[in-house]
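The following note sets out points for discussion on the model shown below. Each point takes up one part of the structure.

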Amino acid sequence: MLGQDSAIDVYRQALPVILVSLVAGLFSGTLLGTEAMREGIESVPGILLLLPAFLATRGGVYGSLGARLSSGLHQGLIDPHFEWNDRLRNAIVASFLNGMIVSVFIAVLSWGVSLVLSREANLLELLIVLIVAALLSAFAMLGVLLTVIFKGYRRGLDPDNVIGPVVTTVGDVFGVVFLLIGISVAGVVL
Amino acid sequence: MSAGGDGGRRDESAEEISEEWTVSGIVSTLVPLLLALSILQMVSGTVLESFEEQLLAYPSLLVLVPVMIGTAGNLGSIMCARLSTQLHLGTLEFSPTNTDIRANVGAVIGLAATVFVLLGFAAWGIGRVLGGSLGLGTLLVITIVSGMLLAIWVVLVSTVSVYLSYRLGYDPDDTTIPVVTNVCDITGVLILFGVVTVVL
């Protein structure tokens, strides 16, 4: 019974998930701390400002897609294999749009906040960085999420239990790498 | 990051109304929430930005940031999910002598202690490799002090918000997890850099 768990029971049950998120956080933290990323942070003002919002957004967008697909599988609304039908297509297109809309908004927002704090920031540069990072994130996250959910479901895994750790781990690691790629693209274009 | 579960939660409640998955339906439900969330996250962004010099000088501190954000939200969602389930089961009583509350608090503190001690060692090791100069002692003080403050803060925020939600007549399952995970994510960064300012 959940209501009668002792502190040690709760600790034991929660520890694996917390440790997975620790390892994922250390991965993305290590990437953040690399020489290349530190140079990127230094060369593009506003990157640290938008970092928490960028990471949180991808959790929101793809976590909710995962939850939707998982509920859809349980309800029998979609089949556990990739099939280009209306329902699945709408869910994927919508999460792609969500990711792009919010990323553009974050670029403009962090530019605005920089202005208010009278720090330098280049709107075009931030837009390029975030659009590149959001596009790459969309491809990577959609690919990983669909594979894990469909393959997992066919093998008897409840997707509800795997989406959280998958989105966190893959999202944080890819997120930082894609920001870095966005920074180099902006450097080449501008 | 903890926000993943929140979006799904909100989405599922919308789904009870309609099982049609339309692009405009999904976008119009989720985008306003994500925009609001991004505005909130600018608070932690501003803190990070104002510590840019220290973060670039000490890569170990950059290593700490994603873990701090993630763990804060995770602990908050565990605490809230348990409290609201216990509320629904009728076993919850808002009193420090209540055994359920004690078990939750004990578990959150134990989890925080485990994660933040490990984090101190890991950030030190990784920082070494990345060319940082912060000592193991300093990093352990930073991670343990901020981790324990965070655990206490998570317990307080979760308990108060489940209680308020219940008093105001909202199901805490729907309201508290999105609010608490985001509040904890943001205050996690504030606590970390508060401690960094004192220690360094």
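How far apart do the end C-alpha atoms of residues 65-195 of chain B lie, and what share of the span is helix or strand?

1. The model under review is a predicted one. The end C-alpha atoms of residues 65-195 of chain B lie 13 Å apart, and the span is 85% helix and 0% strand.

2. Residues 61-85 of chain B are 100% helix and 0% strand, with 36 Å between the end C-alpha atoms. Residues 105-127 of chain B are likewise 100% helix and 0% strand, and here the end C-alpha atoms are 32 Å apart.

3. Overall build of chain B. Chain B contains seven helices and zero strands, in the order α-α-α-α-α-α-α along the sequence. The C-alpha trace of chain B spans about 55 × 45 × 25 Å along its principal axes. Of the 200 residues in chain B, 54% are buried. Among contacts in chain B between residues at least 6 apart in sequence, 80% join residues at least 24 apart.

4. Packing of H4(B) with H6(B). The axes of helix H4 (residues 59-89) and helix H6 (residues 136-167) of chain B come within 9 Å and cross at roughly 30°. Because angles under 35 degrees count as roughly parallel, H4(B) is described as roughly parallel to H6(B). The crossing of H4(B) past H6(B) is right-handed.

5. Residues at that contact. On the H4(B) side, the residues that meet H6(B) include B:Ser60, B:Leu64, B:Ala72, B:Leu75, B:Gly76 and B:Met79. Their counterparts in H6(B) include B:Leu139, B:Thr143, B:Leu150, B:Ala151, B:Val154 and B:Tyr166. By class, the contact of H4(B) with H6(B) has 15 nonpolar, six polar and no charged residues.

6. Overall build of chain A. Chain A has six helices and zero strands, and its elements run α-α-α-α-α-α from the N terminus on. Buried residues account for 49% of the 190 residues in chain A. Of the contacts in chain A with a separation of 6 or more, 81% involve residues 24 or more positions apart.

7. Is A:Arg154 buried or exposed? A:Arg154 belongs to helix H5 (residues 123-154) of chain A. A:Arg154 counts as exposed because it has 11 C-beta neighbours inside 10 Å, and the cut-off for exposed is 12 or fewer. A:Arg154 and A:Pro80 are 74 residues apart in sequence, yet 6.6 Å apart in space, C-alpha to C-alpha.

8. Interface between the chains. In the model, 61 residues of chain A are in contact with 65 residues of chain B. Two or more residues each on the chain A side come from helix H1 (7-33), helix H2 (35-43), helix H3 (47-75), helix H4 (86-116) and helix H6 (159-189) of chain A. H3(A) gives the most, with 18 residues. By class, the side of chain A that touches chain B has 33 nonpolar, 22 polar and six charged residues.

Note on methods. Residues are numbered from 1 along each chain as its sequence is written. Chains are lettered from A and ligands numbered from 1 in the order in which they are written. This is a predicted model: local features need pLDDT of at least 70, side-chain atom pairs count only at pLDDT 80 or more; totals for chains, interfaces and linings use all residues. Two residues are in contact if their C-beta atoms, placed from the backbone, lie within 7 Å. Helices (H or I, at least four residues) and strands (E, at least two) are DSSP runs, numbered from the N terminus. Ala, Val, Leu, Ile, Met, Phe, Trp, Tyr, Cys and Pro count as nonpolar, Asp, Glu, Lys and Arg as charged, and the others, Gly among them, as polar. Axes are lines fitted to C-alpha atoms, for helices over the stretch in contact, and angles run from 0 to 180 degrees between N-to-C directions. Angles under 35 degrees count as roughly parallel, over 145 as roughly antiparallel, 65 to 115 as roughly perpendicular and the rest as oblique. A crossing is left-handed if the near helix is turned anticlockwise from the far one by less than a right angle, and right-handed if clockwise. A residue is buried if 20 or more other C-beta atoms lie within 10 Å of its own, exposed if 12 or fewer, and partly exposed in between; C-beta atoms are placed from the backbone.
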